[in-house]
Amino acid sequence: MLLSITDLHIQFEAEGHITRAVEGVSLSVDRGQVLGLVGESGCGKTATAMSVPRLLPSPPARITRGRALFDGQDLLSLPLPELRRLRGARLGVVFQDPMSSLSPLHRIGRQLEETLLLHRQISAAAARALALDWLGRVGIPDPAARALAYPHELSGGMQQRVMIAIGLILEPDLVIADEPTTALDVTIQAQVLNLMRRLHRKNSGLLLITHDMGVVSQMATHIAVMYAGQIVEQAPAAEFFARPLHPYSSALLAAIPSASTRGQRLKAIPGQVPAAGQFPGGCRFHDRCPVARPACAHNAPELTPCGSRLVRCPYATGDTPA
Ligand SMILES: Nc1ncnc2c1ncn2[C@@H]1O[C@H](COP(=O)(O)OP(=O)(O)OP(=O)(O)O)[C@@H](O)[C@H]1O
Ligand SMILES: [Mg+2]
């Protein structure tokens, strides 16, 4: 297994107040797989994913338990210099907001070259050639001229392409992409996703976080659904979309109004995601669940194998009205 997260717990500490944002998350991504991590805002997707390259700001974030094995090595306890060598080279990250992660002070070509020179024993000329090659690959017209641009001189879509090039240029084994297209307008989103799909190598893994079930249905081979800091269902994508089992999964899918849903944010589920740390007792979804029984308010269900999936609901049948 390429990435295997087990029993991850993350809390945020601010002014003496502790918020338990992620509690007991386990998931895995193998070579060749695209794991779509979905769930409403605030459920802990970013915290989970960014804990892997240890890019959560700490403080306030603190990983209190769990492991993240990457090719057998626990990234959560790896000494920082070793982790830095892995980042980029074997572990690529594509962030949601290019302007917060591209350096505003350096030309984009230079930023790509630096990434290469930091991790590869190649000449400056070779780095430059490869940087231009990648600008072309991610669909940036006239790479030689654009390489001289500063990030603010590019459109949002072009900036995001540069981010993708930086995340992928070292051909990492695992790519983590957190909402890579949310900031873009709908037509550009489609182009950027197609690009990511095209560049996804058969022997690498992709952990793709998104609100957008349309995106996930097109790209993912596997799905993990998060709710209130926990995984509630994990399944092969085809089975999941044919018949989601957890009532929350059903509700998420029902929140998509039509087959053409790209850019659609999930918003049609009654009630709200509880704030982190204020999860209800029993099943965390019980107060919003259309099929909750009295016992659900008391019994916290475990994530349990169910055929080829894992489901956190003893009553999950997939036939639940959403
Ligand atoms: N820097 C922070 N300080 C304090 N609490 C935080 C911080 N970042 C996240 N949290 C808490 O952790 C919870 C999970 O946040 P996270 O960003 O992982 O959610 P998400 O699923 O990625 O949401 P979104 O879809 O909006 O990106 C949030 O509800 C929030 O309360
Ligand atoms: Mg997020």
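**Helices, sheet and ligand shell**

Modeller: In this predicted model, the axes of helix H4 (residues 108-119) and helix H7 cross at roughly 15° and come within 9 Å.

Colleague: How is H4 placed relative to H7: roughly parallel, roughly antiparallel, roughly perpendicular or oblique?

Modeller: The two axes cross at roughly 15°. Angles under 35 degrees count as roughly parallel. Therefore H4 is, relative to H7, roughly parallel.

Colleague: Which residues in H7 meet those in H4?

Modeller: The contact of H4 with H7 divides into five nonpolar residues, two polar and no charged. From H4 come Ile108, Gln111, Leu112 and Thr115. Their partners in H7 are Val162, Ala165 and Ile166.

Colleague: Which strands does H7 touch where it packs on the sheet?

Modeller: The sheet is open and is formed by eight strands in mixed pairing, in the order E6-E7-E8-E3-E9-E10-E12-E11. From one strand to the next, the twist averages 20°. Helix H7 (residues 156-168) packs on this sheet, and its direction makes about 170° with that of E6. The strands touched by H7 are E6 and E7 (174-178).

Colleague: Which strands are at the edges of that sheet?

Modeller: An edge strand here pairs on one side only. At one end of the order, E11 pairs with E12 (residues 309-311) in the antiparallel sense over three bridges, and Cys306 stands opposite Arg309 in E12. The edge strands are E6 (91-94) and E11 (304-306).

Colleague: Over how many bridges do E1 and E2 pair?

Modeller: Strand E1 also pairs with strand E4 (residues 61-70), in the antiparallel sense over eight bridges, with His9 opposite Arg65 in E4. In the hairpin of E1 and E2, two residues lie between the strands, and Glu15 takes a positive phi near 50°. Phe12 stands opposite Thr19 in E2. The pairing of E1 and E2 is antiparallel, and its bridges number ten.

Colleague: Which element gives the largest share of the shell around ligand 1?

Modeller: Of the 15 residues around ligand 1, those that come nearest are Phe12, Ala21, Ser41, Thr46 and Ala47. Two or more residues are given by each of strand E1 (3-14), strand E2 (17-29) and helix H1 (45-51). The largest share, three residues, comes from H1.

Colleague: How many residues of that shell are charged?

Modeller: The shell around ligand 1 has seven nonpolar and seven polar residues. The number of charged residues is one.

Terms used: Residues numbered from 1 in each chain as written. Chains lettered and ligands numbered in written order. Predicted model: local features only at pLDDT ≥ 70, side-chain atom pairs only at ≥ 80, totals over all residues. Near = placed C-beta within 6 Å. Helix = DSSP H or I, 4+ residues; strand = E, 2+ residues; numbered from the N terminus. Nonpolar A, V, L, I, M, F, W, Y, C, P; charged D, E, K, R; others polar. Pairing = 2+ DSSP bridges. Axes fitted to C-alpha atoms, helices over the stretch in contact; angles between N-to-C directions. Contact = placed C-beta atoms within 7 Å. Parallel < 35°, antiparallel > 145°, perpendicular 65-115°, else oblique.
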